[in-house]
Amino acid sequence: MPGSTKLEHMRVPENQPFVPVILGGDIGTYSLAREFHEAYGFVSVVVPAASNGVLDYSVATVVRPAGTMTEADVVVRHLQEIARDLSPNGERKLLLFGSLDLQVTLITRHREQLSDHFVIPYVDIDTMERAALKENFYELCAELGVPHPTTLAVDMVEHAEGKPLPKNLPYPLIGKPADSSAWVHAKFEGKKKIHTITDEGDLLSLLGRIAGSGYRQKFIVQEYVPGGDDHMRLCTFWADRPGHVTFASYGEVVVEEHSPIVLGNSAGIVTGVNEEVINHGVRLLEALNWEGFGMIDAKLDPRDGQVKFFELNPRLGRNHYYVTATGHNVARFYVRRYLGEEYDAANAVSTENGSYQRVGDVDAANAELLYTVLPMPLLRKHLRGPVGEKAKRMISAKRVVNPLIYKAEKHPRRWAYVAMNAVNQVRKFRQFPPRTS
């Protein structure tokens, strides 16, 4: 039932001066709640479709399930109800976040209904769609000379009407939706987050099933960039005002998850600095007049040594805790910008200990560490190439961080979940092994 939870005894303290409200139910949701707790000792209200182990029994969360994440009107009403509970007279500031593109898009599309209750730390919907819709992103990359894979945006309406595909496409290809929030509603046999396409027959079959699902946005067909998980790259950026990027945090993926639901999510990241990637990302975000956080997904192409940009997530990524682990807590960025320096100064219980390397006009986090959501014996089995060597050095130096292992957590059921999650990771990796090429 929306609004109910088996942890009904948990409440946000009445004297807490602001409350983060976080849509989502994944490890990114928990990580953001943890970050607010680390920075301020504050509790966040987390709003999944249904409660789950990653959120339950945490010192950092109050769980208020919405019952759905795909029925926008239901979610909006639920959020308005939560706002009335937390701030009946509007005197307490409420920050509203989304953990996935679907949720961030929901928030921005319903800004008018939500902004009376919440501070919304996202760009307007037009700017977001220019960035988040992948065909727009690749057009901008081409305009700015940012390396990216050869890409075709298939108009699904035109395809359904019989428009032929170009000949001589460079198979194998990668296929993915241009609009990931609309993709959530598409239902068809064999649906995946990312499709590998071997030949023209395979492509035509896939497009036929997509057309039958009702998905009418564009579908991206893209040159396959070879290389295993350890070729993946990511970079998180912060702009403190429109078009003014001030911070970046770069990471190289050690290994990804490959089970269908979480395919492509990083399971291990080594942090560092890559000036070329940071400079390209800054140019993109400044061209978009971006504000707040955004995260670039990219891949090192072994054929030419270039890091090819894949997409911009208009939010913090699922595994964004790697940023905070370098000593730059993302919660404090939000509070300083959207609530004011005085809220941070009056309430912070942690000190910042991150260092920087100047890259152009941007402060780049330069602490080296290994972020992982995997148990160490499992991770060790998947250390490959130069990135794997970096990970080995971080393990030896005991510079390893897992977002689920938070010493402030005390409830035994919380730690039972963490242990069971580790076991489940071993099972998933056995069933869905990582890509090595």
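Are D301 and K308 both buried or both exposed? Both D301 and K308 are buried, where buried means under 20% relative accessible area, exposed means over 50% and partly exposed lies in between, with a 1.4 Å probe and protein chains only. This is a predicted model, in which local features need pLDDT of at least 70 and side-chain atom pairs count only at pLDDT 80 or more, while totals for chains, interfaces and linings use all residues. Residues are numbered from 1 along each chain as its sequence is written, and side-chain values use heavy atoms, with hydrogens and water left out.

**Salt bridges**

- Taking a salt bridge as a side-chain nitrogen of Lys or Arg within 4 Å of a carboxyl oxygen of Asp or Glu, the model has a count of 25 salt bridges.
- The side chain of K308 meets that of D301 in a salt bridge at 2.8 Å, N to O, and K308 also forms a salt bridge with D304 at 3.3 Å, N to O.
- K308 has a relative accessible area of 6% and is therefore buried, whereas D304, at 42% relative accessibility, counts as partly exposed.
- In the salt bridge between R336 and D344, the closest N and O atoms are 3.2 Å apart; D344 counts as buried because its relative accessibility is 4%, while R336, with a relative accessible area of 24%, is partly exposed.
- Through salt bridges that share partners, E223, D301, R303, D304 and K308 are joined into one network.

**Helix packing**

- Helix α5 (residues 125–132) packs with helix α6 (residues 134–144) at an angle of about 75°, their axes being 5 Å apart; helices here are DSSP runs of H or I with at least four residues, numbered from the N terminus, and axes are lines fitted to C-alpha atoms over the stretch in contact, with angles running from 0 to 180 degrees between N-to-C directions.
- The two helices α5 and α6 are therefore roughly perpendicular to each other, a class that covers angles of 65 to 115 degrees.
- Contact, meaning heavy atoms within 4.5 Å, is made by E129, R130, A131 and A132 of α5 with K134, N136, F137 and L140 of α6.

**Strand pairing**

- Strands β14 (residues 356–359) and β15 (residues 362–365) pair in the antiparallel sense over four bridges, where strands are DSSP runs of E with at least two residues and pairing requires at least two DSSP bridges between them.
- V359 stands opposite V362 in β15, and in the hairpin of β14 and β15, with two residues between the strands, G360 takes a positive phi near 60°.

Key
Angles under 35 degrees count as roughly parallel, over 145 as roughly antiparallel, 65 to 115 as roughly perpendicular and the rest as oblique.
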